[in-house]
Amino acid sequence: MLYSISEVARLTGVSAFTLRYYEKIGLLPSPPRQNGKKDGIRRYNDEDLRFIRFVHGLKHTGMNLEDIATFSEDGRLTPGNPEQDKNAILRKRIEILDRHMEQLERQMEHLRAVQAASQEKKEFYSSMLDMPEEKGRESQPPERLKENG
């Protein structure tokens, strides 16, 4: 099945403007055009959709455009294409993904710390709900925090 740029935008969550921009900077390959004309309507297939979703996912998780471009510069791996050095391409992509996964792990650690601090604040505020007005103003920490510090 073939899709127009507006259909791809709706199906992937990537705006038509962004799709054109990614195409312009070489992040996405230029799709075939309707009737083969240079200014014809872009026609995307299901494989294009999968690749766009993948690129969007990488971007959404914080991978920079330079790494995404490096990842996609060799195009799609095509079985039986003698012009592609498949192993070199795969090694490069694995290296990029390893770096990205390390970055994601650091981000998750940070988010877990923020979540724990938020939970402590929530417990502190919740403990103040049942306090008489004067005690609430004293900003007493929860009992478990009093013991530790």
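Where does Ile25 lie relative to helix 2 (16–24) and helix 3 (46–60)? In this predicted model, Ile25 is placed in the loop between these two helices, where helices (H or I, at least four residues) and strands (E, at least two) are DSSP runs numbered from the N terminus. The model is a prediction in which local features need pLDDT of at least 70 and side-chain atom pairs count only at pLDDT 80 or more, whereas totals for chains, interfaces and linings use all residues. Residues are numbered from 1 along each chain as its sequence is written, and side-chain values use heavy atoms, with hydrogens and water left out.

The protein contains 7 helices and 0 strands, and its pattern along the sequence reads α-α-α-α-α-α-α. Of its 149 residues, 24% are buried (under 20% relative accessible area; exposed means over 50%, and partly exposed in between, with a 1.4 Å probe and protein chains only). Among contacts (heavy atoms within 4.5 Å) with a separation of 6 or more, 50% join residues 24 or more positions apart.

In helix 2, the buried residues are Ala16, Leu19, Tyr22 and Glu23. Seen down the axis of helix 2, these residues fall within an arc of 125°, so they line one face of the helix; the arc is that of the directions from the helix axis to the C-beta atoms. They pack against helix 1 (5–12), helix 3 and helix 4 (65–72). The face turned away from this buried side carries the exposed residues Phe17 and Lys24.

Glu23, a residue of helix 2, counts as buried because its relative accessible area is 14%. Beyond its neighbours within four places in sequence, Glu23 is in contact with Leu28, Pro29, Ser30, Pro31, Arg33, Arg42 and Tyr44.

Phe17 also belongs to a nonpolar surface patch of about 330 Å², made together with Tyr21 and Ile25. Patches are made of residues with over 30% relative accessible area and no salt bridge, with like charges joined within 9 Å and nonpolar side chains (Val, Leu, Ile, Met, Phe, Trp, Tyr) within 5 Å; a salt bridge is a side-chain nitrogen of Lys or Arg within 4 Å of a carboxyl oxygen of Asp or Glu. Ile25 counts as partly exposed because its relative accessibility is 39%. Helix 2 is followed by Gly26, which has a positive phi, near 85°.

Conventions: Areas by Shrake-Rupley, 256 points an atom, 1.4 Å probe, with all protein chains shown as cover.
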